Amino acid sequence: MTTDTTPSIPAATAYEPFARPDRSYRPESALPEATDWELARIALDRRSSAAYADDPHADEARRIGEEFTAEEAARVDVFLAAGIQDVHRLDAIAAGQALTGEDRAWLFGQLRLAWHRLDRLHDCLDHSGSLLTNTYAASSVDYVRWSRKPQAFSPLRGGRPGRPTTAG
């Protein structure tokens, strides 16, 4: 019998939320008709722009506070967290006894295949370049471009390589 030496995939990255009790927010929405997808696109854009500031966390908090209410920031968090594919959670569900035999094997095989295909679609959108207006394609599957990058989950971890900062 051979043992599996394939490295296991780590659990989903801990998501650093936009909605935090220590932040101030707008009292009224500036974007009352915005969908969760639209809010997530704006929030990730503000988070990535903050990476260039001397104090990225403070800049991100300021940018989010100027444009979002606390409820909108919480909606962004829920939307982005729902997009994390958690294989370990799926394995825990698979260990349950609710489905048996071929039904369970088929269901989980289909879900894994769907996740694989969704990852390929997200990769195509992320790397589509300027020949495609990818906002339309991304919106059709409620995907925020680049939201799978580590910076989307924990902004500014380690800052930008090669960028001098005054923080020390």
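Predicted model: local features only at pLDDT ≥ 70, side-chain atom pairs only at ≥ 80, totals over all residues.

Tutor: A residue counts as buried when its relative accessible area is under 20%, as exposed when that area is over 50%, and as partly exposed in between. Arg23 has a relative accessibility of 9%, so Arg23 is buried.

Arg23 lies in the segment before H1. Its salt-bridge partner is Glu60, and the closest N and O atoms of the two are 2.8 Å apart. Glu60 belongs to helix H2 (residues 56–67), so the pair ties the segment before helix H1 (36–50) to a part of the chain 37 residues away in sequence. Glu60 is buried as well, because its relative accessibility is 0%. In general, side chains of opposite charge can pair when their charged atoms come close.

Leaving aside neighbours within four places in sequence, the contacts of Arg23 are Pro17, Phe18, His57, Glu60, Ala61 and Ile64.

The charged end of Arg47 sits over the ring of Phe18, 3.8 Å from the ring centre. As for pairs between aromatic rings, the count is 0.

Asp77 is in helix H3 (residues 70–82). Asp77 is buried, and Arg47 is the nearest side chain of opposite charge, at 6.1 Å. A salt bridge needs a side-chain nitrogen of Lys or Arg within 4 Å of a carboxyl oxygen, and Asp77 has none.

Arg20 is another arginine in the segment before H1. Arg20 forms a salt bridge with Glu16, with the closest N and O atoms 3.5 Å apart. The two ends of this pair fall into separate classes of accessibility: Arg20 is partly exposed because its relative accessible area is 24%, while Glu16 is buried because its value is 18%. Arg20 also lies 8.4 Å from Ala74, C-alpha to C-alpha, although 54 residues separate the two in sequence.

Helix H2, which holds Glu60, also has a pair of its own. Arg62 and Glu66 both lie in H2, 4 residues apart, or about one turn of the helix. They form a salt bridge whose closest N and O atoms are 3.1 Å apart. Arg62, at 41% relative accessibility, is partly exposed, and so is Glu66, at 45%. The Arg62–Glu66 pair sits inside a network of salt bridges that links Asp59, Arg62, Arg63 and Glu66.

The protein has 7 helices and 0 strands, and read along the sequence its pattern is α-α-α-α-α-α-α. Of its 168 residues, 27% are buried. Among contacts between residues at least 6 apart in sequence, 71% join residues at least 24 apart. The Arg23–Glu60 pair, with its 37 residues of separation, shows such a link at the level of two side chains.

Val141 lies in the loop between helix H6 (134–140) and helix H7 (150–153). Val141 is partly exposed, because its relative accessibility is 34%. Not counting residues up to four places away in sequence, Val141 touches Leu121 and Leu125. Its C-alpha atom is 9.3 Å from that of His122, a residue 19 places away along the chain.

Definitions and conventions. Residues numbered from 1 in each chain as written. Heavy atoms only, no water. Phe/Tyr/Trp six-rings, centres within 6.5 Å; stacked < 30°, edge-to-face > 60°. Lys NZ or Arg CZ within 6 Å of the ring centre and 35° of its normal. Buried < 20%, exposed > 50% of the residue type's maximum accessible area, 1.4 Å probe, protein only. Contact = heavy atoms within 4.5 Å. Lys, Arg positive; Asp, Glu negative; His and termini not counted.
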